[in-house]
Amino acid sequence: MEFLTALLVAYVAIVPVELPDKTFVATLVLSTRYRPLPTWLGVVAAFGVQCVIAVAFGALLTKLPTQPVQLVAALLFATGAVVLARGAKKADAQEKEQEAEFEAKAVEPKRGWRAAAASFAVLFTAEWGDLSQLLLAGLVASGRPMLPTFLGGWLGLATVSGLAVLLGRWLLKRVKLSVIRYVGAGVCAVLAVVTLLSAL
């Protein structure tokens, strides 16, 4: 039960945070340049490596005294809530800027493993220090088990990138990124309160 709970918490935390993020936009742009399947495989591989690093960093934090680590994790979640809420009004304008940025990085058409490798490289370099990494590290640091947290985070990122490949343009026309950011801010705020209460 604990395994499934930790997996679901990570999944639910990551999806609304990453839907309005550059992850979604980058995957959408790459899938217009390259074939969808190798694009998605390259992106998911990059996320896998980044999730491993984030969870490992969170595990290192658990070696420190518990209460200070939990307070820092609560602060990370609260910061995520503030960042998402403050950026919500600008989300739709930022989406256009990010789209242009990633279009410039994917000018040459590629196929097969080259498309997968190019997609891996673009997402791997774009996602360092991203909110999803901080959230996963914070979840592990606040006491959640590593493996289900990794799997939940990775599945969440795979879901977001899959939606970008399959339904990206359709979703952008029908769902405001600002609304998704507010949902993500709410999820982060709840995690901050729960972690703070467990620390105190």
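Is Gly 153 buried or exposed? At 0% relative accessibility Gly 153 counts as buried, where buried means under 20% relative accessible area and exposed over 50%, with partly exposed in between (1.4 Å probe, protein chains only). The model is predicted, with local features needing pLDDT of at least 70, side-chain atom pairs counting only at pLDDT 80 or more, and totals for chains, interfaces and linings using all residues. Residues are numbered from 1 along each chain as its sequence is written, and side-chain values use heavy atoms, without hydrogens and water.

View 1. Helices are DSSP runs of H or I with at least four residues, numbered from the N terminus. Apart from neighbours within four places in sequence, Gly 153 is in contact (heavy atoms within 4.5 Å) with Ala 10, Tyr 11, Ile 14, Cys 51 and Leu 136. Between Gly 153 and Tyr 11 the C-alpha separation is 5.2 Å, although 142 residues part them in sequence.

**View 2. Helix H1 (residues 2-18).** The 17 residues of H1 reach 24 Å from first to last C-alpha, close to the expected 24 Å, which is 1.5 Å times one less than the number of residues. Among the buried residues of H1 are Ala 10, Ala 13 and Ile 14.

**View 3. Leu 191 and the largest nonpolar core.** Such a core is a set of buried Ala, Val, Leu, Ile, Met, Phe, Trp, Tyr and Cys residues joined through side-chain atoms within 4.5 Å. Of its 32 residues, those touching the most other members include Phe 77, Leu 139 and Leu 191; H3 gives the most, with seven residues. Leaving out residues up to four places away in sequence, Leu 191 touches Val 9, Ala 13, Phe 77, Leu 139 and Arg 144.

Notes. Helices (H or I, at least four residues) and strands (E, at least two) are DSSP runs, numbered from the N terminus.
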